[in-house]
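The following exercises are to be worked with the sequence and the model in view. Each task is followed by a solution in steps.

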Amino acid sequence: KLWYKYYKRGIAVMGGKKFTDEEIKILESNPFTLTVSESQIRFTVEFKRFLLEEREINGTPWKEIFRKAGYDPEMLGARRMQRASENIRKEVLSAKGLHESSSKKHISKGNERVQTRKAIQQLQDEVLRLQQQIEFLKKTQMLKVLEENEEKHVTD
């Protein structure tokens, strides 16, 4: 079931605590995080296996499982942890079994931001490399011209 919270402007958005930019960075740094946005976090298959193993074999409480995995339970919130646990248990029983979402509709804004930052950095690095190559070519061309002038001057 989806619960909706309505704002004054009449826009429906999924209810629940939104992650701040700082929290998103913290959550993105956890190796068990697949993607994260301001309203949603998705976990890796490794985390899902860890959660099931801890719960079924060791009987570890949900909150403690998330803490052991490096998540701050207060940051995630009890409801989000509960829903994640329920969804993981449903997923393991599904025809697909445990899996990581690859659907475009599940790519989070946080993940898009990381990808955009990486792409920008790669382009900046490429521009710098090309500028260095241009400068190198200018210098080598200038050296050739100077050598030709010197040879011409020596033969005259």
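**Exercise 1: A residue in helix H2**

Phe47 counts as buried, with a relative accessibility of 0%; buried means under 20% relative accessible area, exposed over 50%, and partly exposed in between (1.4 Å probe, protein chains only). The structure is a predicted model, in which local features need pLDDT of at least 70 and side-chain atom pairs count only at pLDDT 80 or more, while totals for chains, interfaces and linings use all residues. Residues are numbered from 1 along each chain as its sequence is written, and side-chain values use heavy atoms, with hydrogens and water left out.

Task: State in which helix Phe47 is found and with which residues Phe47 is in contact, leaving aside its neighbours within four places in sequence.

Solution. 
- Step 1. Phe47 belongs to helix H2; helices (H or I, at least four residues) and strands (E, at least two) are DSSP runs, numbered from the N terminus.
- Step 2. With neighbours within four places in sequence set aside, the contacts of Phe47 are Phe32, Phe66, Ala69, Tyr71 and Ile88. Contact means heavy atoms within 4.5 Å.
- Step 3. Thr33 is 14 residues from Phe47 along the chain, and their C-alpha atoms are separated by 8.0 Å.

**Exercise 2: The packing of H2 and H5**

Task: Determine at what angle helix H2 and helix H5 pack and which residues meet there.

Solution. 
- Step 1. Two packed helices are described by the angle between their axes and by the distance between those axes.
- Step 2. For helix H2 (residues 45-58) and helix H5 (residues 78-93), the angle is about 100° and the axes are 10 Å apart. Axes are lines fitted to C-alpha atoms, for helices over the stretch in contact, and angles run from 0 to 180 degrees between N-to-C directions.
- Step 3. H2 is therefore roughly perpendicular to H5, since angles of 65 to 115 degrees count as roughly perpendicular, under 35 as roughly parallel, over 145 as roughly antiparallel and the rest as oblique.
- Step 4. From H2, Phe47, Lys48, Leu51 and Leu52 take part; from H5, Ser85, Ile88, Arg89, Glu91 and Val92.
- Step 5. The residues of this contact are 5 nonpolar, 1 polar and 3 charged. Ala, Val, Leu, Ile, Met, Phe, Trp, Tyr, Cys and Pro count as nonpolar, Asp, Glu, Lys and Arg as charged, and the others, Gly among them, as polar.

**Exercise 3: Salt bridges within helices**

Task: State how many salt bridges a search of the whole structure finds, and examine those of Glu64 with Arg67, Arg129 with Glu126 and Glu135 with Lys138.

Solution. 
- Step 1. The search finds 7 salt bridges, each being a side-chain nitrogen of Lys or Arg within 4 Å of a carboxyl oxygen of Asp or Glu.
- Step 2. In the salt bridge of Glu64 with Arg67, the closest N and O atoms are 3.3 Å apart. These residues are 3 apart in helix H3 (residues 62-68), so about one helical turn separates them. Glu64 is partly exposed at 30% relative accessibility, and Arg67 is partly exposed at 41%.
- Step 3. Between Arg129 and Glu126 the N to O distance is 2.6 Å. Both residues lie in helix H6 (residues 109-155), 3 residues or about one turn apart. Arg129 is partly exposed, at 36%, and so is Glu126, at 34%.
- Step 4. Glu135 and Lys138 form a salt bridge at 3.5 Å, N to O. They stand 3 residues apart in helix H6, which means a separation of about one helical turn. Glu135 has a relative accessible area of 39% and is partly exposed.

**Exercise 4: Met75 and Glu23**

Task: Decide whether Met75 is buried or exposed, and do likewise for Glu23; then list their contacts.

Solution. 
- Step 1. Met75 lies in helix H4 (residues 73-76) and is buried, at 11% relative accessible area.
- Step 2. Not counting residues up to four places away in sequence, Met75 touches Lys17, Phe19, Glu23, Ile26, Leu27 and Arg80.
- Step 3. Glu23 lies in helix H1 (residues 21-28) and is buried, at 16% relative accessibility.
- Step 4. Apart from neighbours within four places in sequence, Glu23 is in contact with Lys17, Lys18 and Met75.
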